[in-house]
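Trainee: I would like to learn how to read a protein model. Please take me through one.

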Amino acid sequence: RVGEGKAVHLGHESLFGGKLLGEDDTPQLIRNALAWLSPNASPKIGLLETKNALATFLDEEEITYAEIGFGDLAAYDIVVTSSYAEWSDEELEAFHTYLQEGGGTLTGGHAWYWAYSNDNPAENHPGNKLLAPTGFVIAGAYGPSGTYTVGPEAPGPLEHAGRALDLILAHMNGTAPLELEEQAIGADIV
């Protein structure tokens, strides 16, 4: 959650591409993400960038969408984009406001290729600038392959990098004490 809005980030743009048209579970992942991002049964979806396979998938699912620009965000329940485009400060501010005020976003992309020729992806990668208010950070490296189980409980505030930092600072200032176990969780996240 981001303010009143919601965000889902997919770790690779292929989940908007060929994998979406394949035979694995990617189509169901996208269906579930879209259903969670908007309470509307027929959400208005805006594509900030043309995604051919995603457009084909949405057409097949009979889900209405439109290609949009930053001036159009508020008219849509869900905005879909990759995490690669370089956007102006004004565009980023419009996107962040859209999320805070209740918009949903589905993004996808990685930073490992970008990190080969650029420094400090956590601060400089375009996707991290876009996703700054969400608590997501796109790393410049990739982890080991495998299957990772997600638990039934939503992550707590100490498992959100931005919120964890605020809670740790409040603890250090004596305004909101944390238990030792909570301190350890927050420290691992930040």
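Mentor: We will go from the whole chain to single residues. Keep in mind that this is a predicted model.

Trainee: Which elements does the protein chain have, and how do they run from the N terminus?

Mentor: Begin by counting helices and strands, then read their order. The protein chain has eight helices and five strands. From the N terminus on, they run β-α-β-α-β-β-α-β-α-α-α-α-α.

Trainee: What does the radius of gyration say about the protein chain?

Mentor: The value is set against a rule for a compact globule. For 190 residues the rule gives a radius near 16 Å, and the protein chain has 18 Å, which agrees. A box around the C-alpha atoms, taken along the principal axes, is roughly 55 × 35 × 35 Å.

Trainee: How many of the contacts join residues at least 24 apart?

Mentor: The count covers contacts between residues at least 6 apart in sequence, and 67% of these join residues at least 24 apart.

Trainee: Now a single residue. Is Thr-107 buried or exposed?

Mentor: Locate the residue first, then look at its accessibility, then at its neighbours. Thr-107 is in strand β5, residues 104–108. Thr-107 counts as buried because its relative accessibility is 0%.

Trainee: Which residues does Thr-107 touch?

Mentor: Set aside residues up to four places away in sequence. Thr-107 then touches Val-8, His-9, Leu-10, Phe-16, Thr-81, Leu-130 and Leu-131. With one of these, His-9, the side chain of Thr-107 makes a polar contact of 2.7 Å.

Trainee: Where is Ser-83 found, and is it buried or exposed?

Mentor: Ser-83 is in the loop between β4 and α3. Its relative accessibility is 1%, so Ser-83 counts as buried. Beyond its neighbours within four places in sequence, Ser-83 is in contact with His-9, Gly-108, Gly-109, His-110, His-125, Pro-126, Gly-127 and Ile-138.

Trainee: How should I read a helix?

Mentor: An α-helix has 3.6 residues a turn, so residues three or four places apart point the same way. In α2 the buried residues are Ala-53, Leu-54, Ala-55, Phe-57 and Leu-58. They pack against α1, β2, β3 and β4.

Trainee: What follows α2?

Mentor: Glu-62 follows α2, and its phi is positive, near 60 degrees. Glu-62 is a residue other than glycine, in the loop between α2 and β3. With 73% relative accessibility, Glu-62 counts as exposed.

Trainee: What is phi of Asn-120?

Mentor: Phi of Asn-120 is also a positive value, near 50 degrees. Asn-120 lies in the loop between α4 and α5. Asn-120 is partly exposed, with a relative accessible area of 36%.

Trainee: Which side chain does Gln-28 join in a polar contact?

Mentor: Gln-28 is in helix α1, residues 26–37, and is partly exposed at 39% relative accessible area. A polar contact of 3.0 Å joins its side chain to that of Arg-31.

Trainee: What about distance along the chain and distance in space?

Mentor: Read the two separately. Pro-144 and Asn-173 are 29 residues apart along the chain, and their C-alpha atoms are separated by 38 Å. Pro-144 is in the loop between α6 and α7 and counts as exposed, at 62% relative accessibility. Glu-93 and Thr-64 are also 29 residues apart in sequence, with 26 Å from C-alpha to C-alpha. Glu-93 lies in helix α3 and is exposed, with a relative accessible area of 55%.

Conventions. Residues are numbered from 1 along each chain as its sequence is written. This is a predicted model: local features need pLDDT of at least 70, side-chain atom pairs count only at pLDDT 80 or more; totals for chains, interfaces and linings use all residues. Side-chain values use heavy atoms; hydrogens and water are left out. Helices (H or I, at least four residues) and strands (E, at least two) are DSSP runs, numbered from the N terminus. The radius of gyration is taken over C-alpha atoms; the globule rule is 2.2 Å times the number of residues to the power 0.38. Contact means heavy atoms within 4.5 Å. Buried means under 20% relative accessible area, exposed over 50%, partly exposed in between (1.4 Å probe, protein chains only). A polar contact is a pair of N or O atoms within 3.5 Å; within protein, one must be able to donate a hydrogen and the other to accept it, and residues adjacent in sequence count only if both atoms are side-chain atoms.
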